[in-house]
Amino acid sequence: MEERIQKISEAIRTIPDFPKKGIQFKDITPLLANAELFAEAINWFADSVKDLGIEVIAGIESRGFIFGAALALKMGVGFVPIRKPGKLPYKTFKEEYALEYGTDALEIHQDAIKNGQKVLLIDDLLATGGTALAAAKLIEKCGGEVAAIRFLIELDFLNGIQKIKNYSVESLVHF
Ligand code: AMP
């Protein structure tokens, strides 16, 4: 493995049984606290999309905001938050998706993206893919083109990539 990816991987801490029994929670806070590694992660995101003509970045609440906003500054493009229901104040589009038990939903401002804009979708982690697929649909409802989806972490064994296989998807670290 490339050395920078190895170091980033080592800065991600696994917390067993959080927030509930059976979940191996990937805690990125040690990575964020390390200025050098945080910058390396942002550089990787930027490199991975450099030829795609990205015009705007959409980040998924809440850890997608951290990477998405830092990356938007580096790339010189705007940032659009995709949020949990009831948080965005203006007119929204809403997309529901299935969880292991029950459903959850995400929202986006209806005017957040211009027709035909090339959007990069960012989140910290790809698990089952339900969250990312709902976010991609929201971008498309606004008239945007999901030019790429990037994650810091992908949990390969959950095969979430299958749900979003019609998009350009890459992740920095695989577990
Ligand atoms: P999914 O919709 O199953 O792909 O879940 C992805 C979302 O849930 C992301 O926004 C992650 O931040 C969060 N998530 C899911 N599983 C984990 C995990 N094991 N550790 C940390 N975050 C997780």
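How many residues surround the ligand, and which are the closest? I began my notes here, keeping in mind that I was reading a predicted model. I counted 13 residues around the ligand, and the closest are Asp-123, Asp-124, Thr-128, Gly-129 and Thr-131.

I next looked up which protein atoms face the oxygen atoms of the ligand. A polar atom in the side chain of Asp-123 lies 2.7 Å from a ligand oxygen, and for Ala-127 I found a polar backbone atom at 2.9 Å from an oxygen atom of the ligand. Arg-63 takes part through its side chain, where an N or O atom is 3.3 Å from a ligand oxygen. I then noted the areas: the ligand taken alone exposes 480 Å², of which the protein buries 81%.

**Entry on Asp-123.** I stayed with this residue and placed it in strand β7, which covers residues 118-126. Asp-123 is buried and yet has no salt bridge. Which side chain of opposite charge is nearest to Asp-123, and how far away is it? I found that it is Arg-63, at 6.6 Å, and a salt bridge would need the two charged groups within 4 Å. Leaving out residues up to four places away in sequence, I listed the residues that Asp-123 touches as Ile-60, Arg-63, Gly-64, Thr-131, Arg-150, Phe-151 and Leu-152.

**Entry on Ser-171.** I moved on to strand β9, residues 169-174, where Ser-171 has its place. Is Ser-171 buried or exposed? I wrote it down as buried because its relative accessibility is 9%, and the limit for buried is under 20%. The side chain of Ser-171 is joined to that of Glu-154 by a polar contact of 2.6 Å. Apart from neighbours within four places in sequence, Ser-171 is in contact with Trp-44, Phe-151, Leu-152, Ile-153 and Glu-154. I noticed that Phe-151 and Leu-152, which Ser-171 contacts, are also among the residues that Asp-123 touches.

**Entry on Val-77.** I recorded Val-77 as buried because its relative accessible area is 18%. Not counting residues up to four places away in sequence, Val-77 touches Ile-54, Glu-55, Val-56, Ile-57 and Ala-72. I also looked up Val-77 together with Leu-31: the two are 46 residues apart in sequence, and from C-alpha to C-alpha they are 24 Å apart in space.

Methods. Residues are numbered from 1 along each chain as its sequence is written. This is a predicted model: local features need pLDDT of at least 70, side-chain atom pairs count only at pLDDT 80 or more; totals for chains, interfaces and linings use all residues. Side-chain values use heavy atoms; hydrogens and water are left out. Helices (H or I, at least four residues) and strands (E, at least two) are DSSP runs, numbered from the N terminus. Buried means under 20% relative accessible area, exposed over 50%, partly exposed in between (1.4 Å probe, protein chains only). Lys and Arg count as positive and Asp and Glu as negative; His and the chain ends are not counted. Contact means heavy atoms within 4.5 Å. A residue is near a molecule or strand if one of its heavy atoms lies within 4 Å of it. A polar contact is a pair of N or O atoms within 3.5 Å; within protein, one must be able to donate a hydrogen and the other to accept it, and residues adjacent in sequence count only if both atoms are side-chain atoms. Accessible areas come from the Shrake-Rupley method with a 1.4 Å probe; for residues, only the protein chains shown count as cover.
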